[in-house]
Amino acid sequence: MDDHGRGDGPRPAGGTEAPPTTGPPVPLPYEGVWRFTAPAVDASVPQARHAVRDLLRRQGVPASAELVHGLLLIVSELVTNAVRHAAVLSPTLAVEVAVGAEWLRVSVEDAHPYRPTALETDHARTGGRGLLLVQEIAREAGGVCDVEHTATGGKVIWAALPLTPAP
């Protein structure tokens with residue numbers, strides 16, 4: 001993303017009107033896009049969560065504790081899904097964090113072509129509700145999430161949440 005998180009990329013509705021400027025917008029100190037890869041193994045789940053948490057702190061992203069908690073739960077769910085369901089065809093996964101002036105977006109990419117859909121709640125099952133949880137966290141925060149195919153035949157699952165500054 002070459003617009004430092006201020007472009008037309010996926011993000012929650014509202015707040016899309018850019019203030020009139022005479023030149024390109026100057027990014028805030030915490031704005032940017034960061035991407036890292038990890039092996040598709042169980043140990044990558046907590047490592048990805050800690051890496052995202054540390055990135056948000058290091059960049060000084062003004063996010064509420066509740067927003068960070070929800071975002072880290074989303075990271076855990078998406079990386080877990082990639083490890084459990086895509087590792088056979090995708091030995092590595094990529095986590096991307098994009099921070100704009102008014103939103104946060106996290107995505108997990110793998111090389112497996114299967115595009116998952118959120119399953120209906122089945123109270124008899126002990127698993128299979130991770131994407132429902134991701135959708136619910138995003139919805140409650142006023143954000144959105146989706147799954148897209150990549151140009152290489154894999155997929156990216158992402159969630160964008162409005163950036164609500166800590167009080």
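A bit of housekeeping: residues are numbered from 1 along each chain as its sequence is written, and side-chain values use heavy atoms, with hydrogens and water left out. Because this is a predicted model, local features need pLDDT of at least 70 and side-chain atom pairs count only at pLDDT 80 or more, while totals for chains, interfaces and linings use all residues.

Confidence comes next. The mean pLDDT (the predictor's confidence in each residue, from 0 to 100) is 85 for the protein, with 79% of residues at 70 or more. Over residues 1-8 the pLDDT is below 50, and this stretch has 20 contacts in the model beyond near neighbours in sequence; contact means heavy atoms within 4.5 Å. Where pLDDT is low, the predicted coordinates should not be read in detail.

Now, the sheet. Helices (H or I, at least four residues) and strands (E, at least two) are DSSP runs, numbered from the N terminus. Five strands make an open, antiparallel sheet, ordered E1-E2-E3-E5-E4; two strands pair if DSSP finds at least two bridges between them. Strand E1 (32-39) and strand E4 (144-149) each have a single partner strand, so one side of each is left without a neighbour in the sheet.

How many bridges join E4 and E5? Six, in the antiparallel sense, with E5 spanning residues 155-162. Val147 sits opposite Ile157 in E5.

Finally, the helices. Helix H2 (residues 65-86) packs on the sheet and touches E2, E3 and E5. Helix H3 (residues 130-140) lies across E4 and E5. Thanks, folks!

Technical notes:
Axes fitted to C-alpha atoms, helices over the stretch in contact; angles between N-to-C directions.
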